[in-house]
Amino acid sequence: MEEMKMEREIQREELRRQLEQERREREEEKKEREEEQKQIVHLTSLVTEFLKGKTQTHKSSIHHDGAMYSTGGTNTRYMVEL
């Protein structure tokens, strides 16, 4: 009887260790996912700012080769004879 109790206690302790290890692994995976999400948000922000800069540059640019002027909000360009 005593031997069976000891065996059960050993099994419980092993199960507790396994559960704790799994909990730590899940926590680590959660932290990794959160870090990846932060990186995605940061990269998205950088790309957005880059594209805004390109769009603003495109809208305000004047092309002197053939006197092409940007219209701003659209991609339509007008040829102007000088």
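1. E13 forms a salt bridge with R16, and their closest N and O atoms lie 2.7 Å apart. A salt bridge here is a side-chain nitrogen of Lys or Arg within 4 Å of a carboxyl oxygen of Asp or Glu. The model is predicted: local features need pLDDT of at least 70, side-chain atom pairs count only at pLDDT 80 or more, and totals for chains, interfaces and linings use all residues. Residues are numbered from 1 along each chain as its sequence is written, and side-chain values use heavy atoms, leaving out hydrogens and water.

2. Where do E13 and R16 sit relative to each other? They are three residues apart in helix α1, so about one helical turn separates them. Helices (H or I, at least four residues) and strands (E, at least two) are DSSP runs, numbered from the N terminus. E13 is partly exposed at 30% relative accessibility. R16 is also partly exposed, at 44%. The cut-offs: buried means under 20% relative accessible area, exposed over 50%, partly exposed in between (1.4 Å probe, protein chains only).

3. E13 has a salt bridge with R17 as well, with the closest N and O atoms 3.8 Å apart. Both residues lie in helix α1, four residues apart, about one turn of the helix. R17 is partly exposed, with a relative accessible area of 47%.

4. E20 pairs with R24 in a salt bridge; the closest N and O atoms are 3.6 Å apart. Both belong to helix α1 and are four residues apart, so about one helical turn lies between them. E20 is partly exposed, with a relative accessible area of 30%. R24 is partly exposed too, at 41% relative accessibility. Elsewhere, salt bridges that share partners link E9, R12, E13, E14, R16 and R17 into one network. The structure holds eight salt bridges. As a general point, side chains of opposite charge can pair when their charged atoms come close.

5. Which residues gather in a patch of negative charge on the surface? They are E22, E25, E27, E28, E29, E32, E34, E35 and E36. Patches are made of residues with over 30% relative accessible area and no salt bridge; like charges are joined within 9 Å, nonpolar side chains (Val, Leu, Ile, Met, Phe, Trp, Tyr) within 5 Å. Lys and Arg count as positive, Asp and Glu as negative, while His and the chain ends are not counted. The place of a charge is taken as NZ of Lys, CZ of Arg, CG of Asp or CD of Glu. One of the patch members, E36, lies in helix α1, residues 2-60. E36 is partly exposed, with a relative accessible area of 46%.

6. V47, F50 and L51 make up a nonpolar patch on the surface, with about 300 Å² of accessible area together. Areas come from the Shrake-Rupley method with a 1.4 Å probe; for residues, only the protein chains shown count as cover. L51 is in helix α1. At 47% relative accessibility, L51 is partly exposed.

7. Overall architecture: the protein has one helix and three strands. Along the sequence the pattern reads α-β-β-β. Of its 82 residues, 5% count as buried. The accessible surface comes to about 7800 Å², and 55% of that belongs to carbon and sulfur atoms.
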